[in-house]
Amino acid sequence: MIVGAGIAGLAAGFELLRQGYENFRLLEAADRPGGVISTGQLAGMAIEEGPDSFLTEKPAALQLCRELGLGEQLVCSNDAARRTWIWRKHRLRALPEGWQMLAPARPLALWRSDLLSWSAKARIAREFFTLSRAPASETSVGALVRARLGAEVLEVVVAPLLSGVYGGDADELSLDAVLPRLAQMARQGSLSRSLWRARRRRSAKAGASLPLFTTLRNGLGGCIAALAARLDSRIETGCRVLRITKSGEGFQLECRHSSPESPAGRILQIHCCRLILALPAWAAAELLQELDGELALQLAAIPYASSLTVNLAYSPAPPLHDGFGVLIPPGESLRMRACTVIQHKFPARVPPGRALLRVFYGGARDPEALALSDEQLLALVTAELRTILGLKQPPSAAHIRRWPRAMAQYTVGHAGRLQRIQAALAGHAGLALAGNAYRGIGISDCIESGYAAARTLLQF
Ligand SMILES: Cc1cc2nc3c(=O)[nH]c(=O)nc-3n(C[C@H](O)[C@H](O)[C@H](O)COP(=O)(O)OP(=O)(O)OC[C@H]3O[C@@H](n4cnc5c(N)ncnc54)[C@H](O)[C@@H]3O)c2cc1C
């Protein structure tokens with residue numbers, strides 16, 4: 001039995017089928033599979049209400065799409081037009097080319113940029129030439145960057161980049177859990193020097209570099225639809241698991257099955273021997289309370305941030321800045337976290353003469369944004385886009401989607417929590433966990449977690 005039909009649960013089911021195991025069910029509380037992956041329609045264009053693409057360098061999502069027969073629909077980000085803007089001191093400034101999340105890999109590009117002050121640039125130059133002390137074994141991203149590169153780099157560049165990807169607060173997120181490769185570089189010495197060297201090694205190697213992002217022409221919903229078709233009647237939507245208890249050698253699941261005809265639903269009892277919970281950690285914690293209080297406690301300790309997307313369609317397309325979009329540092333007097341210009345990032349998604357923007361609000365620092373009404377949000381986004389992009393034209397159509405408690409936050413202490421969860425799980429043969437709470441929040445990470453959970457249970 002699999003509970004949760006987000007990408008992690010669907011991937012677990014797909015792996016079971018691949019391994020020749022056909023006799024299972026997938027219970028999903030919502031009326032559709034996919035979890036936060038949800039493609040909709042706005043003004044005749046496919047829009048992404050949740051994620052819009054996956055990182056190409058992590059291969060699981062790409063391979064899954066190919067296995068599902070979607071290879072022809074894969075489209076890459078238009079990296080020739082890749083440029084990120086940062087809103088700082090009342091205007092847009094380009095993120096220096098080659099910036100790698102925490103530090104620059106191209107010192108010259110940084111030198112020429114107007115994003116950071118001369119004192120911040122001097123601080124980075126010092127880090128480049130200094131034998132830096134290794135960070136403490138468990139530290140936050142913010143603490144490392146502040147100590148190495150200074151508060152300005154943290155506030156102006158690193159905080160908005162991290163917030164864009166994780167919806168998180170740099171002072172809370174664990175360096176090792178969120179950016180393990182950069183954490184290792186920081187242990188070996190100067191971060192900016194290591195990144196500069198790594199870039200030189202890459203450019204010395206022949207061969208084209210991979211595009212940064214990949215997606216499906218008509219939206220990531222295509223991957224969910226293809227998975228759902230493979231899993232077919234094994235998926236039961238409208239089925240919310242309410243509690244899990246031990247029953248003999250297996251588990252007893254109490255569920256509420258609802259449908260449009262019977263919204264109040266009926267209560268069902270389901271027995272199973274093997275169980276994958278592909279749920280947000282807080283949801284798994286609620287279900288496991290009676291089965292194992294300690295496991296539930298550890299799962300509940302993984303915090304989540306909420307996020308909100310606003311898709312805005314324009315026809316005709318207004319004049320817009322080049323580049324993939326804009327990030328807003330937390331210290332600026334705007335609530336928006338980021339804005340993506342879809343026709344620049346994925347030109348195949350937007351017909352000529354039209355424009356599609358995707359704006360993010362919320363995140364760990366502004367959970368209250370989700371409480372704003374649609375009218376308040378539309379007024380806010382219109383005013384903020386006018387400030388940032390000089391956009392006076394109102395959108396021809398808009399779509400808002402709220403995602404409460406959707407983004408797991410790997411805060412300092414995450415590795416210890418994972419160990420304790422693993423130790424508690426060892427006492428429950430036949431139970432496995434998957435999803436974005438554990439070893440990566442990206443789509444490919446969640447797919448891998450689903451595969452791993454399925455393989456674990458097949459060995460049981
Ligand atoms: C706005 C947003 C943008 C993102 N952008 C990107 C991006 O561009 N690229 C990228 O790689 N990643 C992105 N991510 C992250 C990535 O999309 C997610 O981490 C991933 O899709 C989570 O998948 P999941 O299966 O772990 O969880 P979910 O998608 O949350 O699925 C969990 C499922 O469990 C169900 N469920 C919950 N409780 C119960 C219950 N009691 N009984 C039955 N079912 C239950 C839910 O209804 C849901 O369908 C983004 C995330 C968000 C929120």
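**Entry 1**

The model is a predicted one. I looked up the residues around the ligand and found 36, of which Gly4, Gly6, Gly35, Pro51 and Gly435 come nearest. I then listed the elements that give two or more residues to this shell: helix 1 (7-18), strand 13 (239-247), strand 17 (304-314), strand 21 (397-408) and helix 16 (443-459). By residue class, I recorded 22 nonpolar, 11 polar and three charged residues in the shell.

**Entry 2. Domains**

I took the division of the chain as domain 1 (2-43 + 225-302 + 410-459), domain 2 (95-204) and domain 3 (304-408). For domain 1 and domain 3, I found their centres, taken over C-alpha atoms, to be separated by 31 Å. I looked up the contacts between these two domains: 12 residues of domain 1 touch 12 residues of domain 3. On the domain 1 side, strand 3 (39-42) and helix 11 (281-288) are the elements that give two or more residues. I classed the residues of that side as 10 nonpolar and two polar, with no charged residue.

**Entry 3. Helix 2**

I examined helix 2, residues 60-67, and listed its buried residues as Ala60, Ala61, Leu64 and Cys65. Viewed down the helix axis, these buried residues fall within an arc of 130°, so they line one face of helix 2. I next asked which elements the buried residues of helix 2 pack against. They are helix 1, strand 5 (54-55), strand 6 (74-76), strand 11 (213-216), helix 10 (221-231) and helix 16. After helix 2 I came to Gly69, which has a positive phi, near 80°.

I located Thr340 in strand 19, residues 338-341. Is Thr340 buried or exposed? I counted 24 other C-beta atoms within 10 Å of Thr340; the cut-off for a buried residue is 20 or more, so Thr340 is buried. Setting aside neighbours within four places in sequence, I found Thr340 in contact with Phe324, Gly325, Lys345, Leu357 and Arg358. I also looked up Thr84, which is 256 residues from Thr340 along the chain; their C-alpha atoms are separated by 9.3 Å.

I then turned to Pro260, in the loop between strand 14 (250-257) and strand 15 (266-272). Pro260 has 7 C-beta neighbours inside 10 Å, and an exposed residue is one with 12 or fewer, so I recorded Pro260 as exposed. Gly238 is 22 residues from Pro260 in sequence, and I noted a C-alpha to C-alpha distance of 9.1 Å between them.

**Entry 4. The whole chain**

I counted 16 helices and 22 strands in the chain. I recorded the span of the C-alpha trace along its principal axes as about 70 × 55 × 45 Å. For 460 residues, a compact globule would have a radius of gyration near 23 Å, and I found that the 23 Å of the chain agrees with this. Of the 460 residues, I noted that 48% count as buried. Finally, I took the contacts between residues at least 6 apart in sequence, and found that 72% of them join residues at least 24 apart.

Note on methods
Residues are numbered from 1 along each chain as its sequence is written. This is a predicted model: local features need pLDDT of at least 70, side-chain atom pairs count only at pLDDT 80 or more; totals for chains, interfaces and linings use all residues. Helices (H or I, at least four residues) and strands (E, at least two) are DSSP runs, numbered from the N terminus. Domain bounds come from an automatic or database domain assignment. Two residues are in contact if their C-beta atoms, placed from the backbone, lie within 7 Å. Ala, Val, Leu, Ile, Met, Phe, Trp, Tyr, Cys and Pro count as nonpolar, Asp, Glu, Lys and Arg as charged, and the others, Gly among them, as polar. A residue is near a molecule or strand if its C-beta atom, placed from the backbone, lies within 6 Å of it. The arc is that of the directions from the helix axis to the C-beta atoms. The radius of gyration is taken over C-alpha atoms; the globule rule is 2.2 Å times the number of residues to the power 0.38.
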